Amino acid sequence: MGAMEPRSAAAVGKDFPYTLDTTCYIEVHEDGRVTQGAEPDAYHRAVAGESRLFAVWPGQWRSDLFAIDDLDEFARAHGIIHDKERTGLADHVHDVHWSLADREQNPRSQYVSIDLRLACGCSVKDRRTFAAQMREQQGWDLAVSGGWGYHTDANGTTYTFRARRKSLSS
């Protein structure tokens, strides 16, 4: 079987798994060096024409190599460029109302569960983006791994996050 050209990530559109943990990014620099990762610097080098980005999307029976040929979509998926549609979050200071979750029992736990509502009309579709915004706006350290959740009732949507206790302010 002969060599195959990489597939187009842009052709897959919004279904391309830009943030899937098993997607491996490869950066080929103009001097021939090859590095791995999807850092913002890789995006900026690719935009400047100093490198090309590729991704390996592992499947059940085989893995495919894709050229990252829509750099803006890559940047929106990784939070390099803000994307309200993808995240549910406007790029503004959020009006957040929060409290310790009722089930929080251990007063010495480093992380606690908090319940919060966004009175600004935003919704959380991407917890990494929300965590970064809260770190910048409130100084909070929200966990981005593990579980988080939400429920909606007549009063709106309440989100539950794990937060480092010391980072919360009253």
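Reply: Start with burial. A residue counts as buried when its relative accessible area is under 20%. This model is predicted. In it, buried residues make up 34% of the 170 residues.

Me: What is the overall make-up of helices and strands?
Reply: Count the elements, then read their order. The protein has five helices and nine strands. Along the sequence the pattern runs β-α-β-β-α-β-β-α-α-β-β-α-β-β.

Me: What radius of gyration does the protein have, and what would a compact globule have?
Reply: Set the value beside the rule. A compact globule of 170 residues would come near 15 Å, but this protein has 20 Å. Now look at the spans. The C-alpha trace covers about 60 × 35 × 35 Å along its principal axes.

Me: How do I read the ends of H5?
Reply: Check each end in turn. After the helix comes Gly 139, with a positive phi near 80 degrees.

Me: Now pockets. How many residues line the largest pocket?
Reply: Take volume, then lining. The largest pocket holds about 850 Å³ of space. Its lining has 32 residues. Nearest its centre lie Ala 77, His 78, Gly 79, Arg 128 and Thr 129. By class, the lining has 11 nonpolar, 10 polar and 11 charged residues.

Me: Which element gives the most to that lining?
Reply: H5 does, with seven residues. Strand S2 (24-29), helix H3 (71-77), H4 and H5 each supply at least two.

Me: Last, a single residue. Why does Thr 160 count as buried?
Reply: Compare its value with the cut-off. Thr 160 is buried because its relative accessible area is 15%, and buried means under 20%. Thr 160 sits in strand S9.

Me: What does Thr 160 touch?
Reply: Skip residues up to four places away in sequence. That leaves Arg 103, Ser 113, Ile 114, Asp 115, Trp 148 and Gly 149. With Asp 115 there is also a side-chain polar contact of 2.7 Å.

Terms used
Residues are numbered from 1 along each chain as its sequence is written. This is a predicted model: local features need pLDDT of at least 70, side-chain atom pairs count only at pLDDT 80 or more; totals for chains, interfaces and linings use all residues. Side-chain values use heavy atoms; hydrogens and water are left out. Helices (H or I, at least four residues) and strands (E, at least two) are DSSP runs, numbered from the N terminus. On a 1 Å grid over the protein atoms alone, a cavity is a set of points where a 1.4 Å probe fits but cannot get out, and a pocket is an open set with protein on both sides within 12 Å along at least five of seven lines; lining residues have an atom within 4 Å of a point. Grid points are joined across faces, edges and corners, and a volume is the space filled by probe spheres set on the points. Ala, Val, Leu, Ile, Met, Phe, Trp, Tyr, Cys and Pro count as nonpolar, Asp, Glu, Lys and Arg as charged, and the others, Gly among them, as polar. The radius of gyration is taken over C-alpha atoms; the globule rule is 2.2 Å times the number of residues to the power 0.38. Buried means under 20% relative accessible area, exposed over 50%, partly exposed in between (1.4 Å probe, protein chains only). A polar contact is a pair of N or O atoms within 3.5 Å; within protein, one must be able to donate a hydrogen and the other to accept it, and residues adjacent in sequence count only if both atoms are side-chain atoms. Contact means heavy atoms within 4.5 Å.
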